[in-house]
Amino acid sequence: MKDQEPRAFQITPRDNVATALTAISEGTYFLFGGEEGLREAGEEIPRGHKVAVRPIGKGEAVIKYGVSIGEATADIRAGQWVHLHCMKSCYDERSSGLDIHTGEATDISYDVVS
């Protein structure tokens with residue numbers, strides 16, 4: 001495997017997500033850790049973000065570090081980007097109210113009163 005090839009790391013075999021160690025384009029990437037081998041990404045996964053290593057049904061736990069870090073708010077396909085658009089955090093009730101690209105809160109107004 002070349003250093004430039006896209007890759008992700010699955011912390012434990014129990015995890016249903018892995019962390020992208022590099023930006024992953026749609027197509028083949030290498031999964032290190034629990035279930036090593038070539039995998040397919042169905043869309044672009046930003047570096048540092050989660051990719052599903054197997055299907056996760058709506059309402060199912062999103063497992064990372066061997067524990068639940070959240071819940072799927074929609075069905076998630078293997079190879080899909082797992083972020084605020086398809087899951088909610090079990091640690092932060094406001095996570096579903098954040099913009100998926102900027103992380104900015106969408107549930108409050110920033111209007112300035114003059």
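Asn16 counts as buried, at 6% relative accessibility; buried means under 20% relative accessible area, exposed over 50% and partly exposed in between, using a 1.4 Å probe and protein chains only. This is a predicted model, in which local features need pLDDT of at least 70 and side-chain atom pairs count only at pLDDT 80 or more, while totals for chains, interfaces and linings use all residues. Residues are numbered from 1 along each chain as its sequence is written, and side-chain values use heavy atoms, with hydrogens and water left out.

You will find Asn16 in the loop between β1 (7-10) and β2; strands are DSSP runs of E, at least two residues long, numbered from the N terminus. The side chain of Asn16 reaches the backbone oxygen of Ala61 at 3.0 Å. Beyond its neighbours within four places in sequence, Asn16 has contacts (heavy atoms within 4.5 Å) that include Val51, Arg54 and Ile63.

Next comes Val17, which belongs to strand β2 (residues 17-20). Val17 is buried too, with a relative accessible area of 1%. Val17 and Val53 lie 36 residues apart along the chain, yet their C-alpha atoms are separated by 5.2 Å.

Now step back to the sheet. Six strands form an open, mixed sheet in the order β4-β3-β1-β2-β5-β8, where two strands pair if DSSP finds at least two bridges between them. β4 (37-41) and β8 (81-82) each have a single partner strand, so one side of each is left without a neighbour in the sheet. β4 pairs with β3 (residues 27-33) in the antiparallel sense over five bridges, and Thr28 has Glu40 in β4 as its bridge partner.

Conventions. Helices (H or I, at least four residues) and strands (E, at least two) are DSSP runs, numbered from the N terminus. A polar contact is a pair of N or O atoms within 3.5 Å; within protein, one must be able to donate a hydrogen and the other to accept it, and residues adjacent in sequence count only if both atoms are side-chain atoms.
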